[in-house]
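Colleague: I have a structure open and I would like to go through it with you. Can we start with the open spaces and then move on to single residues?

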Amino acid sequence: ISAVREIYDYCEKIGIKAIYEPQGFIFNGIENLKRFASEVERDIMFVADFTNICQSGDNIEDFIKAFPGKIAHAHIKDAVLSDEDFSGSKEVNLKGGYVCEVETGTGEIDIKGIVKLLDSYGYKGAYSLEYGVRDENSDGVKNALKIIEDALN
């Protein structure tokens with residue numbers, strides 16, 4: 001906690017904003033992040049990384065609602081969620097389920113709905129497409145950009 005305070009204070013001193021991106025198993029989950037932010041005692045902002053939130057076992061919409069005005073950046077990714085290891089990826093979430101990143105638009109993440117929800121909370125940050133699918137013969141990135149464009153309009 002003291003190191004996080006030091007980083008935040010230094011960033012503020014030089015005119016930049018430090019933000020925290022939940023990463024699966026480190027300080028994750030809505031309740032853990034609330035406790036973390038409270039103990040740091042700084043104006044902590046977060047990255048809403050869609051699949052990282054799922055890896056903590058939380059719902060993306062619940063995460064956004066838990067941190068109104070505290071989301072500084074969003075990472076758009078899609079995933080399939082399951083109670084069984086359907087992918088062989090071993091991406092286990094904190095509540096025992098599985099998260100498998102898939103081509104944007106083919107999974108269970110309601111990208112358009114999440115963008116609308118962020119907008120309803122006054123989100124003005126950037127969106128980054130994070131595309132972890134390895135398929136050189138796919139039009140996945142082009143399709144993902146179209147999905148994002150539709151969600152933003």
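Modeller: The largest pocket holds about 210 Å³ of space. It is lined by 17 residues, and Cys54, Asp58, Asn59, Ile60 and Leu81 are the closest to its centre. Keep in mind that this is a predicted model.

Colleague: Which helix and strands each supply at least two residues of that lining?

Modeller: Helix H4 (60-66), strand S4 (78-82) and strand S5 (98-102) each do.

Colleague: And how does the lining of the largest pocket split by class?

Modeller: Seven of the lining residues are nonpolar, five are polar and five are charged.

Colleague: How many cavities of 30 Å³ or more are there?

Modeller: The count comes to one. The volume of the largest cavity is about 30 Å³.

Colleague: Which residues line the largest cavity?

Modeller: The lining consists of Pro22, Asn28, Gly29, Leu33, Asn52, Ile53, Ser56, Asp58 and Phe63. By class, that is four nonpolar, four polar and one charged.

Colleague: Ser56 is in that list. Where does Ser56 sit, and is Ser56 buried or exposed?

Modeller: Ser56 is in the loop between H3 and H4. Its relative accessible area is 5%, under the 20% cut-off, so Ser56 counts as buried.

Colleague: What polar contacts does the Ser56 side chain make?

Modeller: One of its polar atoms lies 2.6 Å from the backbone oxygen of Ile53. The side chains of Ser56 and Asp58 are also joined by a polar contact, at 3.3 Å.

Colleague: Change of topic. How many residues has the largest nonpolar core?

Modeller: The core has 34 residues, and Phe46, Phe50, Ile60, Phe63 and Ile109 have the most contacts inside it. Several helices and strands each supply at least two residues of this core, among them helix H1 (2-13), helix H2 (30-40), strand S2 (45-49) and helix H6 (140-152).

Colleague: Take Phe46. Leaving aside neighbours within four places in sequence, what is Phe46 in contact with?

Modeller: Its contacts are Tyr20, Leu33, Ala37, Phe63, Phe67, Lys70, Ile71, Ala72 and His73.

Colleague: What about His75, buried or exposed?

Modeller: His75 is in strand S3. Its relative accessibility is 8%, which is under 20%, so His75 is buried.

Colleague: Which side chain does the His75 side chain make a polar contact with?

Modeller: The partner is the side chain of Glu130, at 2.7 Å. Leaving aside neighbours within four places in sequence, the residues in contact with His75 include Glu21, Val47, Phe50 and Ser128.

Colleague: And Glu41, buried or exposed?

Modeller: Glu41 has a relative accessible area of 56%, over the 50% cut-off, so Glu41 is exposed. Glu41 belongs to the loop between H2 and S2.

Colleague: What is phi of Glu41 near?

Modeller: Phi is near 60 degrees, which is a positive value in a residue other than glycine.

Colleague: Last one, Gly140. Which helix holds Gly140, and is Gly140 buried or exposed?

Modeller: Gly140 is in helix H6. With a relative accessible area of 1%, under 20%, Gly140 is buried.

Colleague: What is Gly140 in contact with, leaving aside neighbours within four places in sequence?

Modeller: Gly140 is in contact with Glu103 and Tyr131. As for Phe27, 113 residues away along the chain, its C-alpha atom is separated from that of Gly140 by 31 Å.

Notes. Residues numbered from 1 in each chain as written. Predicted model: local features only at pLDDT ≥ 70, side-chain atom pairs only at ≥ 80, totals over all residues. Heavy atoms only, no water. 1 Å grid on protein atoms, 1.4 Å probe; cavity = no way out; pocket = protein on both sides within 12 Å on 5 of 7 lines; lining within 4 Å. Points joined across faces, edges and corners; volume = space filled by probe spheres on them. Helix = DSSP H or I, 4+ residues; strand = E, 2+ residues; numbered from the N terminus. Nonpolar A, V, L, I, M, F, W, Y, C, P; charged D, E, K, R; others polar. Core = buried A, V, L, I, M, F, W, Y, C linked by side-chain atoms within 4.5 Å. Buried < 20%, exposed > 50% of the residue type's maximum accessible area, 1.4 Å probe, protein only. Contact = heavy atoms within 4.5 Å. Polar contact = N/O pair within 3.5 Å; in protein donor to acceptor, adjacent residues only side chain to side chain.
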